[in-house]
Amino acid sequence: MLKYILHRIALLIPTLVGITICAFAFVRLLPGDPILAMAGEHGVAPARYEELKEQFGYNLPIWQQYARYVGEVATGDFGVSISSKRPVMEEFKTLFPATMELSFFAMIFAMVLGIPAGIFAAVKRGSWFDQSLMGTALVGYSMPIFWWGLLLIIFFSGYLGWTPVSGRIGLQFFFKPITGFMTIDTLLYGKWDAFRSALSHLVLPAIVLGTIPLAVIARQTRSAMLEVLGEDYVRTARAKGLSPSRVVGLHALRNALIPVVTTIGLQIGTLLAGAILTETIFAWPGIGKWMVDSIFKRDYVVVQSGLLLIALIVMAVNLIVDVLYAVINPRIRAA
Amino acid sequence: MSQSTEVTALAAGNPDRLTGFRTFWHYFSVNRGAVIGLFVFILLVLAALFAPLLAPYAPDIQDKTAFLRPPAWQAGGSAQYLLGTDPVGRDILSRLLYGARFSLLIGAVVVTLALTGGITLGLLAGYFRGWVDVAIMRLMDLILAFPSLLLALVLVTILGPGLFNAMLAIALVLQPHFARLVRAAVMAEKSREYVVAAKVAGAGHIRLMLRTILPNCLGPLIVQGTLSFSNAILEAAALGFLGLGAQPPTPEWGTMLASAREFILRAWWVVTFPGLAILITVLAINLIGDGLRDALDPKLRRS
């Protein structure tokens, strides 16, 4: 097992190098002078310009600049945001839990609805439920989620007035974060009304972000289940006289879930891409909105480091999924 | 009657192609959704082609007396503007019809670019293997390591906002899927007897790649191309929505949504219709994609 994990990590090294090259190249590929680009609209005095050039090492040969960049990143130095003057890593640490919380609940929403729906559709294959579920799943899969979010706001916030339009929690509540998850922190402080406020802010964005994963998971569960239900051991279990719910719930489900776990893992990229749109619509203070705002503020230090950090997260999650997959499915390890 | 003789004559002339198409249509038409999707898609193409004839107004003409007019069936609406007007008094229906041109153009251009790049790289990687393969595939892995929309955003930041740059960025992001597909197919086909036979007969590298192997990988490529077509439309609309794709006053659907955002709680129609247009287009294409998969790819065929 350890050998397998080490092998997987070794395979990631070229990608890791590639990601740092991309982030490094980003600032240098921007049209115009990188220092002027980083200074933003206010520009920079000539003396300060030389100073900055020295400071960022732009007068060094390009490979030395890259080595220097990798050295900085490896020690956790991601630079200082131009607009907020705070270290990028510090901003990232305060914003990332918001994206995590949103993604987590989106995934819960997608799994809690998608897995049972997929199982049921497979068991009742060809029924009206199966057909309408697969139709709905295709609609969900084709959904422009930025529009979906706006529709939900129109209906639930505008028409019914049930949920707030934006943000993470009512402005009257302020907490020093413990875990960074609003729903958990409010409970840890024992503030029920704050918890309710956090939850009502979370519902719509989580649904919006979870919609495409929900469609994908429902489709994947259904097809995995159909495949498993045709296997010999399921027929044997049926022949032994086990109840249908036991056959489906115990014998079939465990095997059907293996590809579903992979699908769920692969959704992390979709989630982070979706978070960019969802957070923008709901003014959710996470890393997706941070990236978009930084692009518009021309805060390229943030964009550069955000790009790097997000790619690293996706890579790490994919690694974890691969390893988990090997744990539940021993056939993979041998290969 | 004359039609059927024509068909027989054609069939006699080129039996393979026609029976091939018949088999294809047989499997495709079994899928009711796919046929509906194809029908909707044809309507969209017609709407895009004849937008100047169908649209009641030019897409950028402003009626200063009719800001945010609701659709015809709602109180305050009139038949003059069937789907209402936007915040600066432009007819939404006309803008949607012209917008179909942009969405279909985006899909076509992006798929062409991604397909060309992906086929070239995939063929080279799968055919030559060795360091060419390693270099190309590591590069593809790298592109896939970033969430697609994020990479597209960053590329557009470098290239500058605009429809053409957005298309370039999306094509680059979608391209690795084609390269992987072609590479896998080429590797599977390369050791087959017909390829070896062609090689023995003296076919050169280029001929082997393009004329012998490539046609046998077309099925999965067409399916992937269809899915990328709808993906491209979605991503371009998302970039437009974020303000980095097509720029106003272009009647691109995502861009229309972006400028309608602040009016969502006052005028539901400015938001609802452009998004609905995106959804219907993407859904139609995905339905076609499902049908094509059933018809073209025996391995993926739904039993």
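I count two residues as in contact if their C-beta atoms, placed from the backbone, lie within 7 Å.

**Entry: the model.** This is a predicted model, where local features need pLDDT of at least 70, side-chain atom pairs count only at pLDDT 80 or more, and totals for chains, interfaces and linings use all residues. Residues are numbered from 1 along each chain as its sequence is written, with chains lettered from A and ligands numbered from 1 in the order in which they are written.

**Entry: chain A.** I looked up contacts in chain A between residues at least 6 apart in sequence, and 71% of them join residues at least 24 apart. Chain A has 14 helices and zero strands; helices (H or I, at least four residues) and strands (E, at least two) are DSSP runs, numbered from the N terminus. I noted a box of roughly 85 × 55 × 40 Å for its C-alpha atoms, along the principal axes.

**Entry: where the chains touch.** How many residues does each chain bring to the contact? I found 34 from chain B and 36 from chain A. On the side of chain B that touches chain A, the elements giving two or more residues are α6 (130-145), α7 (148-159), α11 (218-242) and α13 (268-296) of chain B. The largest share, ten residues, comes from α13(B). I sorted this side of chain B into 24 nonpolar (Ala, Val, Leu, Ile, Met, Phe, Trp, Tyr, Cys and Pro), seven polar (the others, Gly among them) and three charged (Asp, Glu, Lys and Arg) residues.

**Entry: one residue.** Leaving aside neighbours within four places in sequence, I found B:Ala152 in contact with B:Ala169, B:Ile170, B:Val173, B:Glu235 and B:Leu239.
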